Each structure stands twice: as C-alpha cells, then as structure tokens.
Amino acid sequence: MPKRLEVYKCQHCGNIIEVLIGGGANIVCCGENMQLQSENTVDAAKEKHVPVIVKGDGTITVKVGEVSHPMEEKHYIQWIELIADGKVYTQFLEPGQAPEATFCVTATTVTAREYCNLHGQWKAEA
C-alpha cells in the first residue's frame, strides 16, 4: 500500500502524484493502478541523473549529476526535492533552466530526489 512521500505515475495520461499520507488502497488513475516510481541511485547513462548534494553556510544546493543534465523541451528535470531532517522542500524546473536548486536550510539528515521526464526518479543521501 502507498507510503508517505512515495511517487506514483499514471502510465496512460502521465499524472504524477506524491503521497502525503498513505492509505489502505491502491492509487488508481485512468482505470488502472498507478506505477510506483523507484528511486534510482546508480547512473550508467551518458547524462548524469544522480543528485549531487552540496552543503553550504545555511544552504543546501542540489545539482543534477556530476555533469549537468540536459534541460531541453524533450528531456529535462521536472523537479528537485530535498528532504531535510524530515521536512520536504520542492523546486519545480522548466526547460532552459539550470538543473539545480538551492534551499535556505541546514540539516543533519538529507535526501535529495529529482525527476527526469524520460528516465524517472533518482535520489542521493548525505
């Protein structure tokens, strides 16, 4: 059953949802169960997807890949999410923008997730 902060995608219409509070039923869209998006952590592709977390003085910056990810109309990062000491911060992106986000926060436990419109969800922890 769905759990808090899991991400699901409809394979028909492309709707994407993030669970705030998990319930006892499957999540359905377009008459079928939505597909849980697994969090990839290893990247063998030419374009890097694994988030890079940089902690600064009062900030945490998340960059997508050691080599900047493309930000083209057909291939781009849709959002970057930071989970810092249990709090969630999200930055939505558009084609043409830099594949990174800076959050004004400090934290001990950090997980960064990002979503590529072609290659799905990726995460890193620091």
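Q: Before we start, what do buried and exposed mean here?
A: Buried means under 20% relative accessible area, exposed means over 50%, and partly exposed lies in between, with a 1.4 Å probe and protein chains only. This is a predicted model, in which local features need pLDDT of at least 70 and side-chain atom pairs count only at pLDDT 80 or more, while totals for chains, interfaces and linings use all residues. Residues are numbered from 1 along each chain as its sequence is written, and side-chain values use heavy atoms, with hydrogens and water left out.

Q: OK, is R113 buried or exposed?
A: R113 counts as buried, at 4% relative accessibility.

Q: And what does R113 form a salt bridge with?
A: Its partner is E39, with the closest N and O atoms 2.6 Å apart; a salt bridge here is a side-chain nitrogen of Lys or Arg within 4 Å of a carboxyl oxygen of Asp or Glu. R113 lies in strand 11 and E39 in the loop between strand 5 (35-36) and strand 6 (51-55), so the pair ties together parts that are 74 residues apart in sequence.

Q: Which residues are linked in that network of salt bridges?
A: The network links E18, E39, E81, R113, K123 and E125. Within it, K123 meets E39 at 3.4 Å, N to O, and K123 also forms a salt bridge with E125.

Q: Switching topic, how many disulfides are there?
A: The count is 0 disulfides, taking a disulfide as a pair of cysteine sulfur atoms within 2.5 Å. For C29, the nearest cysteine sulfur is that of C13, 3.7 Å away.

Technical notes. Helices (H or I, at least four residues) and strands (E, at least two) are DSSP runs, numbered from the N terminus.
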